[in-house]
Amino acid sequence: MSELTRKKTTLDSAATNALVHLESSDKNRDVLEALSLMIERAELGIGDRLPPEVDIAKKLNVGRSKVREALIAWQNMGIVTRNKKAGTRLAAEVSSKDIHLPVTLKLEAESLLRTHAVRRPLEIEAVRVAARNVTTQQSRVILARVAELMAAYEAGEDWRAADHRFHRAIHEASGNPLFEQLIRQIQEGFNAIYETPFGQPHLGLETIPLHPDLARAITERDGESAAEIMTKIMDMVEDDVREIMEGQNV
């Protein structure tokens with residue numbers, strides 16, 4: 001056995017032994033929390049291989065399909081790479097060192113920031129293009145959607161669904177279906193695991209009062225103002241995540 005093969009075997013064994021048996025869990029998030037702890041305990045780094053799916057499933061007491069779903073979600077967020085020959089390898093650091101967060105929360109925050117970084121330019125350009133292309137009927141829909149959003153917000157109700165409908169109306173007004181498709185794919189990659197980031201269903205709450213100004217800028221065909229407001233909204237969400245990473249809200 002070569003030195004390289006021996007090292008790989010040792011890493012695989014250490015990682016598998018670091019997995020913790022899950023009691024009757026079928027949630028992707030639980031599987032990934034167990035994998036996160038395994039990676040840290042086994043001191044795996046970028047480029048190191050994770051154990052085979054079948055070994056992970058057996059050790060965790062979950063179905064192999066559940067392990068595959070969880071790893072695909074990680075792949076979509078750039079945390080691992082996967083191919084048949086090389087197996088599943090780490091593509092991002094999974095460690096709680098030098099930060100006041102458990103490894104699972106740190107990983108969640110970093111995943112959210114990665115998806116946010118990709119979504120940011122799409123959302124900003126979408127509102128700019130929507131302001132240029134919006135029709136009279138689409139303006140009515142956008143104003144109706146923002147009124148619905150503000151009603152839910154002011155009543156202290158769950159505003160997330162209304163927020164999605166508002167932004168979907170903007171994407172439709174852009175005239176380019178790729179905005180909605182790409183942004184939805186980015187969101188789904190994250191929400192496959194983290195339906196409510198950090199257990200906070202209303203992350204981004206403070207941005208809601210800016211949405212009427214965004215709607216007004218788009219319906220008045222002021223693309224630059226719309227882009228500025230959208231940039232501020234995205235900045236505020238990112239600041240919230242970074243505050244959590246610094247341990248201020250934990």
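Helices here are DSSP runs (H or I, at least four residues), numbered from the N terminus.

This is a predicted model, in which local features need pLDDT of at least 70, side-chain atom pairs count only at pLDDT 80 or more, and totals for chains, interfaces and linings use all residues. Residues are numbered from 1 along each chain as its sequence is written, and side-chain values use heavy atoms, with hydrogens and water left out.

**Helix H7 and its end**

The buried residues of H7 include Phe166, His167, Ile170 and Ser174. Buried means under 20% relative accessible area, exposed means over 50%, and partly exposed lies in between (1.4 Å probe, protein chains only). Ser174 has 2% relative accessibility, so Ser174 counts as buried. Its contacts (heavy atoms within 4.5 Å) include Ala126, Val129, Ala130, Asn133 and Phe179, leaving aside residues up to four places away in sequence. The side chain of Ser174 also reaches the backbone nitrogen of Asn176 at 3.2 Å. After H7 comes Gly175, with a positive phi near 80 degrees.

Gln137 sits in helix H6. Its relative accessible area is 48%, so Gln137 is partly exposed. Gln137 and Ala173 are 36 residues apart in sequence, and their C-alpha atoms are 9.5 Å apart in space.

**The nonpolar cores**

A nonpolar core is a set of buried Ala, Val, Leu, Ile, Met, Phe, Trp, Tyr and Cys residues joined through side-chain atoms within 4.5 Å. The largest one has 27 residues. Those with the most contacts inside it are Val127, Ile142, Phe166, Ile170, Leu214, Ile218 and Met230. Helices H5 (103-133), H6 (136-154), H7 (160-174), H9 (211-219) and H10 (223-245) each supply at least two residues of this core. H10 gives the largest share, six residues. Another core lies apart from it, with 23 residues, among them Leu32, Ile56, Ala57 and Leu90.

Which residues of H9 are buried? They are His211, Leu214, Ala215, Ala217 and Ile218. These residues cover an arc of only 165 degrees around the axis, so they lie on the same side of H9. The arc is that of the directions from the helix axis to the C-beta atoms. Leu214 touches Val127, Phe166, Ile170 and Met230, among others, not counting residues up to four places away in sequence. Arg221 follows H9, and its phi is positive, near 65 degrees.

**Salt bridges**

Side chains of opposite charge can pair when their charged atoms come close. A salt bridge is a side-chain nitrogen of Lys or Arg within 4 Å of a carboxyl oxygen of Asp or Glu. The structure holds 16 of them. The table gives some examples.

| Pair | Closest N to O |
|---|---|
| Arg128 and Glu125 | 2.9 Å |
| Arg168 and Glu180 | 3.7 Å |

Arg168 in helix H7 and Glu180 in helix H8 (residues 177-191) link distant parts of the chain, twelve residues apart. Glu69 and Lys66 both lie in helix H4 (residues 64-76), three residues apart, about one turn of the helix. Arg128 and Glu125 are also three residues apart, both in helix H5.

Technical notes. A polar contact is a pair of N or O atoms within 3.5 Å; within protein, one must be able to donate a hydrogen and the other to accept it, and residues adjacent in sequence count only if both atoms are side-chain atoms.
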